[in-house]
Amino acid sequence: MTTLLSGLPPSLPILGGGIALLLLCSAWRRSEARAILIALATLLLAFASLWWPLLPWPGDPTGMLFVPDGWFTYIAALILLSSAATMIMAWRETGTSSDEFYLLLLLGTLGALVMAGSADMVIFFLGLETLSLSLLGLIAWHRTHPTADEAAIKYLILAGLSSATLLFGLALSYADSGSLHFAAPSLEGPEGPALPLAATALVLTGLFFKLSAVPFHTWLPDVMEGAPIPVASFIAVTSKIALFAALARYFAGADLLRPDAAGTELAIVAVLSMFGGNLLALGQSNLKRLLAGSSIAHVGYLLLALLSPGPFGLTSAAVYLAAYAAATSGAFAALGGASVPADIAGWRGMFRRRPALALAMAIMLISLAGIPPAIGFFAKTYIVIAGVSARRIVLLVALVASSIIGLYYYLNIVRAMMEPAPEVHRAARGTPANAGLIAILAIITVLAGLFPETLVRQTRSLLQPAPIMREASLRPAAPHDILYRE
Amino acid sequence: MIALPALILLPAAGGLAAWLSDRSRQASSLSWWVAITTILLQALLLLVITRTADWGHGPWLAHFSAPWIPALGIAARMDMDGLSLVMLWLTTLLSFPCVILSARDVGERPGLFNLLLLATIAGINGVFLATDLFLFFFFWELMLVPMYVLILQWGHEDRRRAAIKFFLFTQGSGLLMLVAILGLVILHQHATGIVTFDYFALADTPLMPTAAMVLMLGFFIAFAVKLPVVPLHVWLPDTHTQAPTAGSVLLAGILLKTGGYGLIRFVVLLFPEAATRFAPVALALGVAGILYGAWLSLAQDDMKRLIAYSSVSHLGFVLLGIFSGSPMGMRGAVVQMVAHGLSTGALFVIAGSLQDRLHTRDMRRMGGLWQALPHLSSVGLFFAIASLGLPGMGNFVGEFLTLLATWRVSPPMAILGTVGLVLSAVYSLTMVGRAFLGPPHAGQGTTHTPPPADFGPRQMTVLGLTMALLLVLGTYPQPVLDLSLPAPAHATPQPEGPHP
């Protein structure tokens, strides 16, 4: 019992308790205001609990179910904040307001946290399925819309398929090593490399499906388009953060600098995601689909950070996740607040009609494009530092080239917003809560971009003793290097 | 010296004030006054900096340093030497025509216009001062966004394509420079174990020749896009042609000079050996730019396009001077940059005014303007002659010095460069002949429309001062020549004040 519970982060039971309370309350009498209050209070409490280590943690992840290390604390904070942002976006939104909506969001958040903190395959899979199942309900929320049905069916089939693939991979991994520890199996096992290779490939395929990395991305634009805006934000931000965190944990002990099969597959998927995502977004006029493409490209950039172990690798990924979460949540909140059709034509002339909203949207897009003074600029620079430091030349070239494609479509929206307004029609305004959320995210994006020191120091101090980078970071530079003098 | 960051914060704050003052609707000229006051204050501040600078204690004149992101060895460090000072003065002086003369063609939303203009100027000032490579890159990128919006909002008919082309070219090459900067930082870390972006520390990094060459090329390409150097110039004619007058002046006058400044400060001084080995290629590119730009200028009917291609030609001399490897060539390049900034800036003002009055930039539809617009035409003649390098003007000094320095390295290059000078006389005089002299164009002389207004006292004052500066630069270039030799990268400036 002690081994089972040791390491259980207190935020998980808090979220579970919140979900039970919400269920009870809505069974007694339905009220959207009370539902969101309970949900937000739960998130806040869970957030606060990240800094109370109630149960002592032995520090060795083998044989444990959860690893409440610095990486988990950081990722959990991001997950909790971004799902709070999602809830504020959904508040009083036409068609989404209901108790169950917040219930499903809380459940999804719980799944995401479990995934980020799990050290055990079974726990990881439980978290993943909790997230997937609650997402299914959220995607199909507008159940009278044909696009919502299409999106939900697509998600159901592909999520099931990828879960099966993932589970098969986990089973093979167990068959090889006899351990349920959630980590890439070592290739130097007694059985030869075939079994662990197949296991890693299957697990990666399953994870890439959920993470919507190219070439497993085709479902994402359709699902994002069909889902309500807060749910699209939840898929793009919260779920991706959790999956990336799990992916990073899966490869914690592996040496990704060695050119073996797993590293090569990750590198190929990273390059494909950078180009595929950006090219996909380039052709879109629907902003939700465009942001789907952009989120795929950002997964590619994050994979570059993951593939660059060393003093900068994981910290740069952490900073990038924060920058990405703020800007993407902000962009979706702005989409929700605009109350116009989510395509470029609807946003034309926004700087004349709603200057404050247009300015906030421009800040988010500038951050996603990686232009100063927004935080995205520093975050991308940080990732490039990691890449240069690990000498990932091909990946860096891909990052530069695909970023230029990205610039084009982000700026295209800014340009459309600056054009003269077609006709002034009074659109409904978003809720004050949503407006406040947009303002806060815009201010964070700019302030963090001007003064990134705090964020860097936070991530550093959280990840400094991280078990996740213990072996890879100590490895000396590759010997085949011609670039520097002894 | 705290005045250095003030040089960046002042225009930024002034821009915000101008923007806010525009929001109160009733007084639309208020924002212009705020902008002019800001630039006057900037000039005063620069004067104070010049007076209180640390003259006589080595080449570095002023220093400022504050921690910014210490976790990554990034500091808000700025240092000023004579080269920075010359460039800052050029920026400040050219800001006046940008603000004073563009009130007419901006029309609506002057507040936003002034905000963007002053934000660009703040970014440019930062580029000329930063000696932390991350800070430099921050400013380098920062000056692009407002410029992009400026072209997009107030540009001419094909502005969308021009603006995005400008942005993609400069930003794309900027990312290459970022990779080069970080490569240098990481190599420095491998050599010393310290992560730092400090210019002076990085200048001492021991580098293998191959690594130095690769990194140098990363920097070179970014600056070569900006300057521009010939195969990378394709964004420039479109952008210059489509930008509003103030945008063209800012682009041609100052923004291109950040490329030249970067080549001196971050290519030649940071990688001296690699730059020496690369010099033959750079000289050839410079000569190619001179001839190609001049040749295309001959074939243009669009006046702004002609001036844009002539910029490509004139800035080829800057490349020649920088890579000639001698102090004389370096000085010539700096004088050429200043002179080109003044004369081409003025020519863009004239072309913009003509478009404003005649609603065309096509020289086939101009002619005989001297009768209708005597002031404008005579000013046009003056700057066209200055730009072709008549002795007595700054351009002559710059071109002469660079060609002399090139002659010592490679006589054939110098001869080819001189051919470019001949061509520049041809296209400049052709432009004057087609636009200002000759018979009036059929469509405009016989007219029901009233004749277009000539330059008023405001324009004449501003352009007259520019003329005076060019003449002073041409007849007494010594102060600029003395200042313009850049400080070497390893002469670490004396820290002053409480900052380490």
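In this predicted model, helix 2 (residues 11-28) and helix 5 (residues 99-117) of chain A pack at an angle of about 165°, with their axes 10 Å apart. Axes here are lines fitted to C-alpha atoms, for helices over the stretch in contact, and angles run from 0 to 180 degrees between N-to-C directions. Helices (H or I, at least four residues) and strands (E, at least two) are DSSP runs, numbered from the N terminus. The angle makes helix 2 of chain A roughly antiparallel to helix 5 of chain A; angles under 35 degrees count as roughly parallel, over 145 as roughly antiparallel, 65 to 115 as roughly perpendicular and the rest as oblique.

Among the residues that meet, Leu15(A), Ile19(A) and Leu22(A) sit in helix 2 of chain A, and Leu103(A), Leu106(A) and Leu110(A) in helix 5 of chain A. Residues are in contact if their C-beta atoms, placed from the backbone, lie within 7 Å.

Over in chain B, the axes of helix 7 and helix 10 (residues 235-242) come within 9 Å and cross at roughly 135°. Helix 7 of chain B and helix 10 of chain B are therefore oblique to each other.

What about the two chains together? Their contact takes 32 residues from chain B and 28 residues from chain A. Helix 7 of chain B gives the most to the side of chain B that touches chain A, with 16 residues.

Residues are numbered from 1 along each chain as its sequence is written, while chains are lettered from A and ligands numbered from 1 in the order in which they are written. As the model is predicted, local features need pLDDT of at least 70 and side-chain atom pairs count only at pLDDT 80 or more, while totals for chains, interfaces and linings use all residues.

Definitions and conventions: Two residues are in contact if their C-beta atoms, placed from the backbone, lie within 7 Å.
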